[in-house]
Structure formats: C-alpha cells, structure tokens
Amino acid sequence: QVQLVESGGGSVQAGGSLRLSCEASGYTFTTACRGWFRQAPGKEREGVAGIRITTGKTAYHDSVKGRFTVSRDNAENTLYLQMSSLKPEDTAVYYCAAVERCFIGTILLNTNTYNYWGQGAQVTVSS
C-alpha cells in the first residue's frame with residue numbers, strides 16, 4: 001500500500017522559511033513524477049511545484065518562482081519543498097503527490113496527473 005506522509009509544516013512570520021518533507025512508502029518512485037500542491041480555505045487546490053524524478057526537470061507556479069525549491073532524495077524516497085521569503089498568501093494546507101510513471105508532456109502542476117496523495121500539512125504565514 002502506497003503512503004505519502006508530509007512533515008515540516010508550521011507557523012512562521014512573513015519573510016521566514018520552512019521546509020516540507022514527503023516520505024513515500026510502499027513503492028519506490030524512481031520513474032515517477034512527484035509534486036507539491038496547496039489549498040487555501042475557499043480556494044481550489046493548485047500546483048506549487050513538481051519534479052520528474054528521472055531527469056530532475058522541475059516546474060513551479062509563477063507565484064513561488066525564485067522562492068520555493070523542490071528536490072528529492074531518491075535513496076530515501078523523499079520529496080522536499082524548501083520555502084523561503086514566505087508571504088501571508090502562501091498560507092494553505094500543502095499536499096504532496098506522486099504518480100508511478102510520467103512521460104514527456106506530463107503536466108507536473110495538474111492535480112489529474114497524480115494518483116497518490118498525502119494527508120496534508122498546514123503552513124501558516126503571519127504578517
């Protein structure tokens with residue numbers, strides 16, 4: 001059974017940093033695509049960052065470019081999201097996602113790309 005477990009959420013003041021981790025178990029995502037999404041109250045879930053595991057190709061939402069960095073540790077089957085220069089509008093529940101295989105043309109920031117999801121981690125940024 002595949003499980004994704006996020007950790008590292010919390011509260012921080014604007015301008016601060018947090019790092020989210022997403023540990024996968026039950027499957028080794030060596031040929032996968034993995035991503036981070038977020039959902040604020042009353043809003044739809046949106047793609048924040050994604051990565052193609054085999055090539056390291058990444059994609060970011062325009063609002064986080066230059067501030068967030070997605071990375072992976074293949075040996076640990078873990079995905080990370082380093083978030084810096086956080087803003088109050090970054091406040092949301094952050095979810096990690098994974099799909100076993102992805103291809104050229106796979107849209108990394110589309111929720112429909114993924115079939116496994118974590119339970120979510122709250123990130124709160126105060127002004």
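**Aromatic rings and strand pairing**

Trainee: How many aromatic pairs does the count come to?
Mentor: This is a predicted model, and ring centres have to lie within 6.5 Å for two rings to pair. By this rule the count comes to 3 aromatic pairs.

Trainee: Which kind of aromatic pair do F37 and Y114 form?
Mentor: The centres of F37 and Y114 are 5.4 Å apart, and there are 80 degrees between their planes. Planes over 60 degrees apart count as edge-to-face, so the pair of F37 and Y114 is edge-to-face.

Trainee: How many residues apart are F37 and Y114, and where do they lie?
Mentor: F37 belongs to strand β4 (residues 33-39), while Y114 lies in the loop between β9 (92-99) and β10 (116-117). The pair thus links distant parts of the chain, with a separation of 77 residues.

Trainee: Is Y114 buried or exposed?
Mentor: Buried means under 20% relative accessible area. Because the relative accessibility of Y114 is 6%, this residue counts as buried.

Trainee: Over which rings does the charged end of R45 sit?
Mentor: The charged end of R45 sits over the ring of Y95, at 3.7 Å from its centre.

Trainee: In which sense do β1 and β3 pair, and over how many bridges?
Mentor: Strand β1 covers residues 3-7 and strand β3 covers residues 18-25, and E6 stands opposite C22 in β3. The sense of the pairing is antiparallel, and the number of bridges is 5.

Trainee: Which residue in β8 is the bridge partner of L20?
Mentor: β3 pairs in the antiparallel sense with strand β8 (residues 78-83), over 6 bridges. In β8, the partner of L20 is L81.

Trainee: What is the value of phi near which S85 lies?
Mentor: S85 is placed in the loop between β8 and β9, and because its relative accessibility is 42%, S85 counts as partly exposed. Most residues other than glycine have a negative phi. In S85, a residue other than glycine, phi is positive, near 50 degrees.

Note on methods. Residues numbered from 1 in each chain as written. Predicted model: local features only at pLDDT ≥ 70, side-chain atom pairs only at ≥ 80, totals over all residues. Heavy atoms only, no water. Pairing = 2+ DSSP bridges. Helix = DSSP H or I, 4+ residues; strand = E, 2+ residues; numbered from the N terminus. Phe/Tyr/Trp six-rings, centres within 6.5 Å; stacked < 30°, edge-to-face > 60°. Buried < 20%, exposed > 50% of the residue type's maximum accessible area, 1.4 Å probe, protein only. Lys NZ or Arg CZ within 6 Å of the ring centre and 35° of its normal.
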